[in-house]
Amino acid sequence: MTAQTSVPTAPAPQMPSAATGQLVHWQAPLLILVIGAFMAVLDTSIINVALPDMINVFGVDQQGIEWVSTAYTLALGVITPLSAWLGAKFGIRRMYVVALIIFTIGSGLCAFSWSLNSMIAFRIVQAVGGGLIMPAVQAMMVRMVPRNQLGAAGGIFGMAILLAPAIGPTLGGYLVEFVDWRWIFTINIPIGLIAIFLALRGVPDVAPTPAGKFDWWGAIAIATALFALLLATSEGSSWGWGSQSIVLLLYLSAVSFIFFVWWELHTESPLLNLRLFKYRTFAIANVLLMVISISLFGVLFYLPVYMQSIRGLGAFQSGYLQLLPALLTGLVMPFAGRMYDKVGPRVLVPTGLLLIALGMFFFRQLTIETAFFSIIWWNCVRSVGMGLAMIPVQSASVSEIPPMQAGQASAITNVINRLGGAFGVVIMVQLFDHYNHLEQAGYANLLQQGNVPQQNAVAAAIAKLQASGLDLAHAQAAFNALIQRQIGTTVFTNTFDIVMVIIAIALVICAVAALALKKGKVASEPGHAVMD
């Protein structure tokens, strides 16, 4: 969670807690802030159910349309490292309000997109606001909430992190199927205006403090490294992993990242204080957050594709099937936050990770005939695990960090959260491409073997088509098209099964690593009261 160390100077009456120097009544301001956080996270998943419509409207292929999601998530990761410096320079609430304004404007522009390129450009504008909203909300939460209630506050805030991407497919599906896909962006405009008004009236102000010199070299290096890496991983299959372009992008990313690490460890005012990774819990927690984000956003990207393209459901029906898991997440998050305040992360996080892994492992049974009840049940198991693991991991990540460095710790954690979302999509795409090619090749070899029973079955099927009135050429073409569709759907589900097992294994390994987490003792900050 992001925190700032400035001392507010506003002259309004203060009502701080005697024990912590922070807000006595923090719930209402936090709920106002959660509106903005919910909007920002919602747009990482609500877009998925509209992708098939965008493919038709913009006349592009699957690889092209993936950039609508990937560009947004990558831009979030690039802009988030700037949040700590901007919050200190201009004030956290001011940064939050400006971010809401940018996000709302970007949403309006997306609603009027006329091509794939314009949509990607406007999604980046949207992401500039969204990338600053989340760190600002977390910073204000750390400033407002007493330390011994951060888990409970995190449970409320966590609903924006997990409930929003889970509800996104249902809400997006309704808008796409019964209204128009552009309304997934238009709906942000009135909500954004309400959030801006409430923030100006009900959220305490935090005065800006000396922010130091802006780390231009660090910002350029990390932006270059992230962009080159994501471009390489996104286009590796189509350009060829051994092609000169991909190799150069990977080299550029590696060199930029190495320079970034070296520079951040030697400059006086680093963009991200990488020395914080010396704290064991902080390092482990951020690795866990990356894997959790990959499992969350990877599934949310491909499950709507299965529901709509393989099973033939409408966008709303597809989203509706994910509603119950979303509600379960919302119920579990506050419970997990309160339990963290009492027992710490060592029980909650491994249990949550194992439940996520179990849900992912269940998906290995997915076929083109799987009962929808089974899919909902598997998703519910995964969602309960998400609810148990996410907030305790985030709370534990800052538990050992000195309060004066909590802002930098949050910036790093937010970057890793964002990258997890981006790479969740990218890794799933790459795994799908790899195993899809293997499965396609296997079926092609099977068809080419031409054994006698198989030849008789093919001849009988073609004869049946001829009997319906088709000549031989058209009957053969219709049969080949039918076989290719059947192979395509079978290959998709088989590939999905394999990828789910791979992620489940990674989560089990992470559950073992989570046993090393601990709840550090974070001192209260009596000198940093916030206005009530």
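**Close-up 1. Where H4 meets H5 in this predicted model.** On the H4 side, the residues to look for are Ser-83, Leu-86, Gly-87 and Phe-90. They meet Ile-92, Arg-94 and Met-95 from H5. Sorted by class, the residues of this contact come out as four nonpolar, two polar and one charged. As for the geometry, H4 covers residues 83-90 and H5 covers residues 92-111. Their axes come within 6 Å and cross at roughly 115 degrees.

**Close-up 2. H5 again, this time packed with H6.** H6 runs through residues 116-144. Here the axes sit 7 Å apart, at an angle of about 155 degrees. Angles over 145 degrees count as roughly antiparallel, so that is the label for H5 and H6. The crossing of H5 past H6 is left-handed. What kinds of residues make up the contact of H5 with H6? The tally is 19 nonpolar, five polar and two charged.

**Close-up 3. Lys-518 and its contacts.** Find Lys-518 in the segment after helix H19, which spans 472-513. Is Lys-518 buried, exposed or partly exposed? Its relative accessible area is 36%, and because partly exposed lies between under 20% (buried) and over 50% (exposed), Lys-518 is partly exposed. Setting aside neighbours within four places in sequence, Lys-518 touches Arg-280 and Thr-281, Pro-345 and Arg-346, plus Ala-396, Ser-399 and Glu-400. Take Ala-396 from that set: Ala-396 is 122 residues from Lys-518 along the chain, yet their C-alpha atoms are separated by 6.7 Å.

Technical notes:
Residues numbered from 1 in each chain as written. Predicted model: local features only at pLDDT ≥ 70, side-chain atom pairs only at ≥ 80, totals over all residues. Heavy atoms only, no water. Axes fitted to C-alpha atoms, helices over the stretch in contact; angles between N-to-C directions. Helix = DSSP H or I, 4+ residues; strand = E, 2+ residues; numbered from the N terminus. Contact = heavy atoms within 4.5 Å. Nonpolar A, V, L, I, M, F, W, Y, C, P; charged D, E, K, R; others polar. Buried < 20%, exposed > 50% of the residue type's maximum accessible area, 1.4 Å probe, protein only. Parallel < 35°, antiparallel > 145°, perpendicular 65-115°, else oblique. Left-handed = near helix turned anticlockwise from the far one by under 90°.
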